[in-house]
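Q: I would like to go through the salt bridges and a helix contact in this protein. Could we begin with the terms?

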Amino acid sequence: MGSADSKLNFRKAVIQLTTKTQPVEATDDAFWDQFWADTATSVQDVFALVPAAEIRAVREESPSNLATLCYKAVEKLVQGAESGCHSEKEKQVVLNCSRLLTRVLPYIFEDPDWRGFFWSTVPGAGRGGGEEEDEHARPLAESLLLAIADLLFCPDFTVQSHRRNNVDSAEDVHSLDSCEYIWEAGVGFAHSPQPNYIHDMNRMELLKLLLTCFSEAMYLPPSPESGSTNPWVQFFCSTENRHALPLFTSLLNTVCAYDPVGYGIPYNHLLFSDYREPLVEEAAQVLIVTLDHDSATSTTPTVDGTTTGTAMDDADPPGPENLFVNYLSRIHREEDFQFILKGIARLLSNPLLQTYLPNSTKKIQFHQELLVLFWKLCDFNKKFLFFVLKSSDVLDILVPILYFLNDARADQSRVGLMHIGVFILLLLSGERNFGVRLNKPYSVRVPMDIPVFTGTHADLLIVVFHKIITSGHQRLQPLFDCLLTIVVNVSPYLKSLSMVTANKLLHLLEAFSTTWFLFSASQNHHLVFFLLEVFNNIIQYQFDGNSNLVYAIIRKRGVFHQLANLPTDPPSIHKALQRRRRTPEPLSRAGSQEGASMEGSRPAAPAEPGTLKTSLVATPGIDKLTEKSQVSEDGTLRSLEPESQPSSAEGSPSEGEPSQTWRDQRRLSSTSASGQWSPTSDWILSWKSKLPLQTIMRLLQVLVPQVEKICIDKGLTDESEILRFLQHGTLVGLLPVPHPILIRKYQANSGTAMWFRTYMWGVIYLRNVDPPVWYDTDVKLFEIQRV
């Protein structure tokens, strides 16, 4: 039968279903088979031939027919899994049912009355009784998930058959050990099977159905409660699924082994279409959804177990129920870590390759999924995190993240990407090794829209952060605390900042310490505290190599004097706020010498009007996001958080400030009838007295007269002479006793878990456009907005 006839017959069946007012018996195979037995329709055809309005109509007007359609389609998948799909016809039936369920499931999820349907057992359903009855007492959802898992390891359908003789001795589905059929070499598996286009396509269709099953989460509004568990994921990742380990490994290895360059040959992708990429994307999406697990509320997986001969640690305690999270947390072999890190770094760097060798490689689009995966790896497997930071390989992750952050800074539709990039850097910055690694010189010249500089990866990080703060869009303001916390965390380890970077840091201080900025919101002064902490760390712990920064501080000494003499009287406050009403610009760019941008770079562009984006829940404040620790003499960390203190909503006190002040803030500052916050003298005094200016004031007191003397004696206007003097100068014994180093480490909390859930599903919603699985359905987890 031609494909046109086949489409026509399928469409006729759909019309019959939508027009029948009477229930159709489940035993009426002649009717139901029309949907899957005689047709060869692609997933795109199914979406075109089964319009949303008709699915909803059947759901409202003949619910029993929709129920039977779902039940029969699942039954066909179960039969296919049982038989092992030997004939072409059986394979076609499985694919057709899989496409049909992918189409229908979102409409089941969007209606609260239907949500329990898949979790109910279908009584009898027109079968003969007997022993089958018990077997079929499983809820429909469980039968469907187990069938998908079996079908993903089905010889000659989704995996290479190991038997090459006659058909009769085909592998028995029940005795098959799926660990021998892992899709790709890598973690826990050394054999790389021959690539097979058809197997890849079949896997992809089944994974799309699996992802659709998991997507029930999109139809529940964001609330801490809804966060606990997704019943579909919970069952699929439990011991009930005998393929959990090989499937987890297959997904992880498929993603990490993928090389979009086309087997190392540049421009190869122009000659061969790459059928692997859609599978890799699907695998990455399924993987991150199975790993959606709130580590803050559950027992964290153990990180120090005995190392056994297997790819997973057999450490006790057993860790979370979710086997995918469990396996991920127990990977421990160096070569496995190396394989994962290299794979993720290679894929994240792909869009950067594009910029300096245009079209040499295929440009991949799934970097957001990769960033979520990298986050999960670091969050659930501390050994992996330490491995990443053990060598300068971490910089192969850092540079692409900075590239994405810089590129997306003006684009309203990419706020989520900005957040996840910053969260990853916050997590890394809590480890001393990250700061140390940043001292490696930066030589890779990825064209980026930032000033040209010569220096280290620390310079790159600070220059990009400065660019985000001064020329990003308004909605990034909540990230400023995070960006500066990262800089504070790494500052004690930065051996030598370039002059460009030193000027950028002082420009930020200048911008943040204007009176109108300090007085215009209750949290703005935190940014000044963070910057002063950066300067103090560098002066106390890295004075020797940082003459550029010391020189910049001397040149801009007025800013520090201005802060020390900040006015607190009501008329001055009033005047500062008047000035603000005249200049709404968030941060002045004046005073920052913007050097020419790097050659070949394109300016960061705003979103095209009309671009779709999904809303995100608010992220927790920096005080909830991090936990303060003090670095002891021997380099170990000691938590400074008092046991279970009630956390205030006011943000994190800095420089060992008692949290009390932050609770008093509301009392000290007045809120007018209109709900507008306004600053008071008491409020300003409460934090002004705590500004950590002593170290810098002492430095200026010692060095400024010496520098002025050199200038007068030698009639100097030349910087190099002064820099040379500062390089050889010393402040030993002249500065206050060094303060202990404070690190604010990321801590897991349900707020970020909820944020990750909405972000991840938003990405999946927007990226699945062909076919548009969730488009125009009534999702509740986020809103779809147009820029």
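This is a predicted model: local features need pLDDT of at least 70, side-chain atom pairs count only at pLDDT 80 or more; totals for chains, interfaces and linings use all residues.

Q: Then is Glu110 buried or exposed?
A: Glu110 counts as buried, because its relative accessibility is 8%.

Q: Which residue does Glu110 form a salt bridge with?
A: The partner is Arg56, and the closest N and O atoms are 2.6 Å apart. Arg56 lies in helix H4 (residues 52-61), whereas Glu110 lies in the loop between helix H6 (88-109) and helix H7 (132-135), so the pair ties together parts that are 54 residues apart in sequence. Arg56 is partly exposed, with a relative accessible area of 26%.

Q: Which residues are linked with them in a network?
A: The network of salt bridges links Arg56, Arg59, Glu60, Glu110 and Asp111.

Q: How many salt bridges are there by this rule?
A: The count comes to 33 salt bridges.

Q: What about Glu240 and Arg138?
A: Their side chains meet in a salt bridge, with an N to O distance of 3.1 Å. Glu240 is in the loop between helix H10 (231-236) and helix H11 (244-257), and Arg138 is in the loop between H7 and helix H8 (140-151), so this pair ties together parts 102 residues apart in sequence. Glu240 counts as partly exposed at 42% relative accessibility, and Arg138 counts as partly exposed at 26%.

Q: And where do Glu282 and Lys208 lie?
A: Glu282 and Lys208 form a salt bridge through their side chains (3.0 Å, N to O). Glu282 lies in helix H12 (residues 276-290) and Lys208 in helix H9 (residues 197-214), so parts that are 74 residues apart in sequence are tied together. Glu282 is buried, with a relative accessible area of 4%, and Lys208 is buried as well, at 9%.

Q: New topic: at what angle do helix H16 and helix H17 pack?
A: Helix H16 (residues 367-380) and helix H17 (residues 382-390) pack at about 110°, and their axes are 5 Å apart. H16 and H17 are therefore roughly perpendicular to each other.

Q: Which residues make that contact?
A: H16 contributes Phe374, Leu377, Cys378, Asp379 and Phe380, while H17 contributes Lys382, Phe384, Leu385 and Val388.

Terms used
Residues are numbered from 1 along each chain as its sequence is written. Side-chain values use heavy atoms; hydrogens and water are left out. A salt bridge is a side-chain nitrogen of Lys or Arg within 4 Å of a carboxyl oxygen of Asp or Glu. Helices (H or I, at least four residues) and strands (E, at least two) are DSSP runs, numbered from the N terminus. Buried means under 20% relative accessible area, exposed over 50%, partly exposed in between (1.4 Å probe, protein chains only). Axes are lines fitted to C-alpha atoms, for helices over the stretch in contact, and angles run from 0 to 180 degrees between N-to-C directions. Angles under 35 degrees count as roughly parallel, over 145 as roughly antiparallel, 65 to 115 as roughly perpendicular and the rest as oblique. Contact means heavy atoms within 4.5 Å.
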